[in-house]
Structure formats: structure tokens, C-alpha cells
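Subject: Structure for your review

Dear colleague,

Please find below the structure that I am handing over to you. My findings on helix packing, the chain interface and salt bridges follow it.

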Amino acid sequence: MKLTGKVAVVTGGATGIGRVIALKLADRGAAIMIADINEEAAAVTAAEIEEISGRSATFTTDVTDVETCRELAAATVDTLGPADFLINNAGIAGAPGWQERSFSTEEDWKRTYQVNVIGMSNVTSAFRPQMTERRSGRIVNIASIAGREGRPAIPHYSASKAAVISLTQATALELARFNITVNAICPGLLWTPMWEQVGDRYARDNPAYKGMTARQVFDAMIEERIPMKKEQTPEDVADTVAFFISDDAKNITGQALNVDGGFFMR
Amino acid sequence: MDFEGKTAIVTGAARGIGRGIALELARRGSNVIIADIDEEPAREVVAEIQAGGTGANYCETDVTQQWSTDDMVEAALEGYGQLDVLVNNAGVGGAPGFATRKTPNIDDWQATFDVNVYGIVNGIQSVEKYMTDRGYGKIVNIASVAGRLGRPGFASYGASKAAAINVSQAWAFKLAPHGINVNAVCPGLIWTPLWQSIGEWRSSMDEQHAGMTPRQVFERAVSDAVPLGREQTPEDVGNAVAFLASDRARSITGQALNVDGGIRMN
Ligand SMILES: NC(=O)c1ccc[n+]([C@@H]2O[C@H](COP(=O)([O-])OP(=O)(O)OC[C@H]3O[C@@H](n4cnc5c(N)ncnc54)[C@H](O)[C@@H]3O)[C@@H](O)[C@H]2O)c1
Ligand SMILES: NC(=O)c1ccc[n+]([C@@H]2O[C@H](COP(=O)([O-])OP(=O)(O)OC[C@H]3O[C@@H](n4cnc5c(N)ncnc54)[C@H](O)[C@@H]3O)[C@@H](O)[C@H]2O)c1
């Protein structure tokens, strides 16, 4: 579907999965607002988008700050127009230094919940008026298969992603009467800087992966757990985002779709 | 277009949702085999697709018979030299006359399992060797939101649809290493001849709906159950099938996607 004339906001759109989502939507013609805490990387991605769709903007945003989120929503209207699509992708795996720790600390729990869950709610609330007023809008939340089942590896992260799925359902119910759909995507195993750190942690703490490099841990997990025997890519996630925001998905809401090569089937 | 030069089989495509799926795949460039027991309306769908410029053939098929689904696959390969997509959509609400019974009888249990479950198994068994040898294939099974949660009434139908989801997972797992994706779509409330029968059943069996026309029963169900407040359409299901059967969903397998306006959230 062509997205010319549409406006998409991507939180955490400066790097990783969010960047690829932003580029995919720009490629279909959408104007993109990159809302990221990393100002420098956001500017680089925005410049890349300019070359594709010609329209982008950045707004340095910490999603945990309610006031900044409101300013982001206002800045989006001023620079690009009201948002048609909101992609809540910003996320972290723990408080700074989490990858060096073998156990979750209170700081890990707090910071992760603050960014992944409360941050998502902050941004959604900030964009709510411009979507409800026009009685249209599409919201896609990036959860994770980690949210599908409790696992001991990084419990604070898994719990935050389970909360994202729950928040998606609540928001979907709340906004349905305004013709706004809200869905979640649960990506599986993607080789990103985040996973590099997860891999290091496994190699250190889990006897089954002792002494492996992060990439070897990653490959072993694909072999053990992914029925398709292939890693997933940011492109896979971006293609699914593009589906959820299209007219083709206008009657789909409140769903969480695993993009995980069959890791979890529910 | 996602399906240019590709060939799809859609079972139960003579009318209702199956017709919608066939038309959506054809609109995206696919040749389509219309596999149904009911010849006359099936031929109309064939003509409609041919008028749009892609290939279409009728293949008389009873999905409850393995020899018949074998023939259906052969028809696709003879006609077009390849088969890329199988959509197992044929389904029944019960044995003939089910709408006149208060609760399902043994024939209803048998009929729903024969068509809604075994029909899917037959279809998959007829294509799996071909698709495995080729290392490519997309299978989408039409289950139902009724399969997401057991409820009294026509429990046989719900049970058969829960089984359809389970069967999709089983073959997703089996076929994943061979480059074959198997997913299910769970439609919500769609006005088709099947729903007409359900409406008749409710207005004659259930006091709350006494004296209502089937369409009125349907509209009440929509307003009671659908958060988005509107009925779903065969095109909606066709669009979701077209996504799951495309290479854009290459990393999605074993999933059941509700196309139901938010009735159930999974
Ligand atoms: N990589 C994986 O395998 C994987 C798997 C499942 C889910 N996810 C999820 O996908 C999303 C993106 O992950 P990624 O791998 O691309 O990670 P990443 O670290 O590469 O990117 C995250 C982006 O979010 C930004 N960000 C972080 N905190 C922020 C804040 N407070 N406010 C605004 N922006 C902030 C970062 O600056 C960064 O640009 C995350 O929600 C993550 O949990 C990733
Ligand atoms: N209508 C809804 O609201 C709804 C909701 C959820 C799921 N579904 C499912 O969607 C599918 C299509 O339903 P519909 O509403 O279009 O029903 P429908 O009765 O309008 O159409 C079903 C088609 O399947 C064909 N068929 C029946 N038995 C067959 C057999 N043994 N072999 C080959 N073809 C056969 C029929 O001839 C008909 O063309 C079914 O699996 C149904 O259970 C429907």
C-alpha cells in the first residue's frame, strides 16, 4: 500500500529495528517523525529518510518524560501534520550495565518498566487526541516473544514485554470506538546490538553456552528453538508493521503476532 | 504484486469467505483453483476472476476425501505447472439441517470434524510432499474465533475450529525446516450463507432472539461483541490471507491471527 501523504511516528527509530521500520514506511511514501533519545543517530536516520521519501523530522525524546512526549505530539503536527500511525518501538533490556549483571536489580526492574511500558503509555496518551479527533489511526507496539512466557534469563525484560501485550489489549479496547486499531508484534531472535549483549550474558551465566561468543550462543538458540532454523530480521518486523497499518488490516485489533519462525505458537 | 505468476488453491471458494479470499489473491496477480463441491456458484467465481485477467479453474472437490484433494492439487499442477499457496477454507456449521437442532447431534460432530478438521489435514497431506521437495510453500487454514474459547451452543463447531488451530501448529512445526509456512486465520463475524444459518438457528432456538431475522441476529451479535463496532468482511479475511501467504510474512509460522474487530485478543 502506498503511504504518500501519511505521517508515521517511530519511537526508538534512530537505530536497530526502529530504523528499519522507519525506512520501510518512508519507502512507501510516508513522512516520518523519528522520536529517539539518541539525537545524533536520529539525525543520521532522518537524513537517510530524506533521500527516500523527502519528508522526515526528528524530536529528541525520552519516552519516560510525559512533558516531552506531549511536546513530541505537538511538534509532529507542526512539522509533518497529525500522526496517522504510531509505532511504539523504543525499548531497553535493563538499566545501564544490565549485561554485566547475572541477576536483575531493582534498578533493572524499574528502568525497564519505565521505558518499555510506562513510556509506551506516555507516547500513546500524547498522540491520542490527534487520532481520536480524526477518528482514525493505527498504533503498533513492539513487544517480544520474551513476553509470551516467563523465563529466568532476564525476568524484568520478559515481564515488561508481557505488560506490553496487556497494554496493547487495553488500548485496543479503549480506542476501538474511535476507529483506531492497536496491535503488537512479538519479534523472535534478531541479531542486533541488544542481542549481542544478551548473548554475552548467556555465555557467562548459562553452563550450556559456556565460553561461546555471543554469535555462537545466538546460532545455537536458532538451531534449538526456531522451527524454521533461521534468524529473524528487522525487515521481517517492518513488513509486519506495514501490514498492520494498511487498510488490509482495518478490522484487526488487540492482537499480538509473533514474528519468530515458529518459536512460540500462540 | 505479491502473487504475480503464482498459483493458489482455495477450498470452499464458491461463495462467502472463500470467494473473498480467491478474489483478493487474484487481484494481487495469482492464478486460482476454485475447489468446491458446489459447481454452479464456483463457475461464477471462476468467470469473475478470469474477467480480471488472471487464470482461474474450477475443480470439483470434496475436502473430506483424500483422493479428491489429491485431484485438486494435480489440477493446479497440470493447469499452471506450479503450486505456491493452499488455503484450506471449506467449512460447515454442522450436518445438513443443523440450524433446526437445539444442540449438536452425533452427525453434527462428525460433519464439523470431517470438513473443518480432516478437510484441512487432507489438503495439507496432498501438497506437503510437493512443497517439501520444492522447499517452498504457503498454507493458510481458516479457523474461527469460535475456536479460541469453548462456549455452549454449537460446541461441536467451536471444538472443530480449536482443532483447526492445533492442526495448523502441528504442520507448521513439521514443515518449518522445509521453507513452508503454515498459519491460521480466525475470522470473527462475517455475513455469509453460513452465518445466515446460524442466525436462523438462534432466532428459532433462543428466546433472546425470537422473532428476529437472521440479519438482525447478526447485527446484534456485531454490536454486542465487536469492539470496533462493525462486521468483518470476506475481503478482510482475504487481505489477511494474502499477507500470511506472501513472502512479507516469511518469518511467521504456526500463528493464528484473529480478524475479528477485537472480539478476542490473543
Ligand atoms: N533485537 C531483538 O532480538 C528483539 C527481539 C524482540 C523484541 N525487540 C524489541 O524491539 C525494539 C527495538 O529493539 P532493537 O533491537 O532495535 O534495540 P536498539 O537498542 O538497537 O534500539 C532501541 C532504540 O530505542 C531508543 N531508546 C531507548 N530508550 C529510549 C527512551 N527512553 N526514549 C526514546 N528512545 C529510546 C534507543 O536510542 C534506540 O535507538 C525494542 O522494544 C526491543 O525490546 C528486540
Ligand atoms: N461466516 C463467518 O462469520 C465465519 C466466522 C469464522 C469462521 N468462518 C469459517 O470460514 C470458512 C468459510 O465460511 P463461510 O461463512 O464463507 O461459509 P459458506 O457456507 O458461505 O461457504 C462454505 C463453502 O465451502 C464449501 N464446502 C462445504 N463443504 C465442502 C467440502 N466437503 N468440500 C469442498 N467444499 C465444501 C461450500 O460449498 C461453500 O461454498 C469456514 O471454514 C467457516 O467455518 C466463518
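In chain A, helix α1(A) passes helix α8(A) in a crossing that is right-handed. Please bear in mind throughout that this is a predicted model. The two helices, α1(A) and α8 (residues 234-245) of chain A, pack with their axes 8 Å apart and at an angle of about 50 degrees. Angles from 65 to 115 degrees count as roughly perpendicular and those under 35 as roughly parallel; the angle found here therefore makes α1(A) oblique to α8(A). On the α1(A) side, the contact involves A:I17, A:V20, A:I21, A:K24 and A:L25. These residues meet A:P234, A:E235, A:V237, A:A238, A:D239, A:V241, A:A242 and A:I245 of α8(A). Sorted by class, the contact of α1(A) with α8(A) comprises 10 nonpolar and three charged residues, with no polar ones.

Helix α6 (residues 193-205) and helix α7 (residues 214-225) of chain A have axes 8 Å apart and pack at an angle of about 90 degrees. The helices α6(A) and α7(A) are therefore roughly perpendicular to each other. From α6(A), the residues in contact are A:W195, A:E196, A:G199, A:D200, A:Y202 and A:A203, while α7(A) contributes A:A214, A:V217, A:F218 and A:M221. The contact of α6(A) with α7(A) divides into seven nonpolar, one polar and two charged residues.

In chain B, the axes of helix α1 (residues 16-27) and helix α2 (residues 39-51) come within 10 Å and cross at roughly 20 degrees. That crossing angle makes α1(B) roughly parallel to α2(B). The crossing of α1(B) and α2(B) is right-handed. Residues B:R19, B:A22, B:L23 and B:A26 of α1(B) make the contact with B:V45, B:E48 and B:I49 of α2(B). By class, the contact of α1(B) with α2(B) holds five nonpolar and two charged residues and no polar ones.

I turn next to the interface. Contact between the chains involves 35 residues of chain A and 33 residues of chain B. Chain A and chain B bury about 3000 Å² between them, and 56% of this lies on carbon and sulfur atoms. Which three residues supply more than any other three of the area that chain A buries against chain B? They are A:M228, A:N251 and A:M265, which supply 25% of that area.

Lastly, the salt bridges. Over all chains, the structure holds 29 salt bridges, and the count between chain A and chain B is four. The side chains of A:D236 and B:R250 meet in a salt bridge, at 2.7 Å from N to O. Within chain A, A:E48 forms a salt bridge with A:R19, and their closest N and O atoms are 2.9 Å apart. This pair links distant parts of the chain, 29 residues apart: A:E48 lies in helix α2 (residues 39-52) of chain A and A:R19 in helix α1 (residues 16-27) of chain A.

Yours sincerely

Conventions:
Residues numbered from 1 in each chain as written. Chains lettered and ligands numbered in written order. Predicted model: local features only at pLDDT ≥ 70, side-chain atom pairs only at ≥ 80, totals over all residues. Heavy atoms only, no water. Axes fitted to C-alpha atoms, helices over the stretch in contact; angles between N-to-C directions. Helix = DSSP H or I, 4+ residues; strand = E, 2+ residues; numbered from the N terminus. Parallel < 35°, antiparallel > 145°, perpendicular 65-115°, else oblique. Left-handed = near helix turned anticlockwise from the far one by under 90°. Contact = heavy atoms within 4.5 Å. Nonpolar A, V, L, I, M, F, W, Y, C, P; charged D, E, K, R; others polar. Buried area = accessible area lost by both parts, 1.4 Å probe.
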